[in-house]
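Please work through the exercises below with the sequence and the structure at hand, and try each task before reading its solution.

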Amino acid sequence: MSELLIDKSSGVLTITLNRLDKKNSLTRTMYAGMAEALAQADADATLSAAVIQGHETVFSAGNDIGEFLNRLASGEESPAFQFLRAISVFSKPLLAAVCGPAVGIGTTMLFHCDLVYAGDNAAFSMPFVNLGLCPEAASSYLAPQLMGYGRAAEALLLGEPFLAETALEMGLVSRIVPPSEASALAQRQARKLAAKPLGSLIETKRLLKKSQAPIVAERLLEEGTSFARLLTEPAAREAFTAFLEKRKPDFSKF
Ligand code: COA
């Protein structure tokens, strides 16, 4: 079965991450599929909202680390960057249903969602530094905006995870429900949105995002350049190799 399931019904695009054996880690093919589906949905007047969801046990383990190691992931033209650009400029309401681990881009993509419904098992983390990397998805700007600098520093410098309750309190998450209900709730909310006038939804979202949009666009590029450089450096190569060899990384030489 495909690693990405795309459904368009009742005015809603639904993207389901379906690579459970690898904890829904994201490959170039998956990023490309998501970017294309979002671009098409943006241009399709019969679709009013989009939902991104994973599985009840895991949202996403972030970028596929094997692809990181094979240098298949960097640059402005990369599918990952195209996906980030697509979610950052998506003009219609973007929702997510998040259960279990949401690692790296599994968390940072949520900064671009308008409504996030979390299972009570959701665990968010942005361990970029632990992998020799730096923030992406404009999270170096959006995380401190949302969480305050202190909590963003714990999340981004220490790579410390935070749970659904904290995410709710900071406003990253709109509501917490049992994992078995997160997807259905996101669908219900998306369909409610789809029943509203599309022009009003688009204009309201544009106004809500207006002050941050230019900063986000610029930060995406700046982070992308740094991320691409760090991906090739020895600390990151050690971190990726260690993950795949199921051992702790040794950063003592870097
Ligand atoms: N890239 C590639 N493969 C990954 C992956 C990733 N990001 N995350 C998990 N996998 C693979 C594992 O290598 C393992 O494969 P195997 O069965 O062939 O050995 C399989 O998925 C199951 O992962 P495992 O770690 O055993 O599951 P877990 O339930 O113990 O832990 C996570 C789940 C998500 C907490 C853990 O897998 C994890 O931390 N993943 C890496 C997250 C990360 O650093 N992502 C990059 C962020 S920038």
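Predicted model: local features only at pLDDT ≥ 70, side-chain atom pairs only at ≥ 80, totals over all residues.

**Exercise 1.** Decide whether S139 is buried or exposed, and find what lies around it.

*Solution.* Begin by locating the residue: S139 belongs to helix α5, which comprises residues 139-147. Next, apply the cut-off, by which a residue under 20% relative accessible area is buried; S139 has a relative accessible area of 0%, so it is buried. Then look for its surroundings: if neighbours within four places in sequence are left aside, S139 is in contact with T108, F111, M126, F128, P144, L156 and E223.

**Exercise 2.** Explain what the salt bridge between K205 and D114 ties together, and compare the exposure of its two partners.

*Solution.* The model holds 9 salt bridges, and in one of them the side chains of K205 and D114 meet at 2.8 Å, N to O. Because K205 lies in helix α9 (residues 198-209) and D114 in the loop between α4 and β6 (115-119), the pair ties together parts that are 91 residues apart in sequence. Finally, K205 counts as buried at 7% relative accessibility, whereas D114, at 30%, counts as partly exposed.

Definitions and conventions
Residues numbered from 1 in each chain as written. Heavy atoms only, no water. Buried < 20%, exposed > 50% of the residue type's maximum accessible area, 1.4 Å probe, protein only. Helix = DSSP H or I, 4+ residues; strand = E, 2+ residues; numbered from the N terminus. Contact = heavy atoms within 4.5 Å. Salt bridge = Lys/Arg side-chain N within 4 Å of Asp/Glu carboxyl O.
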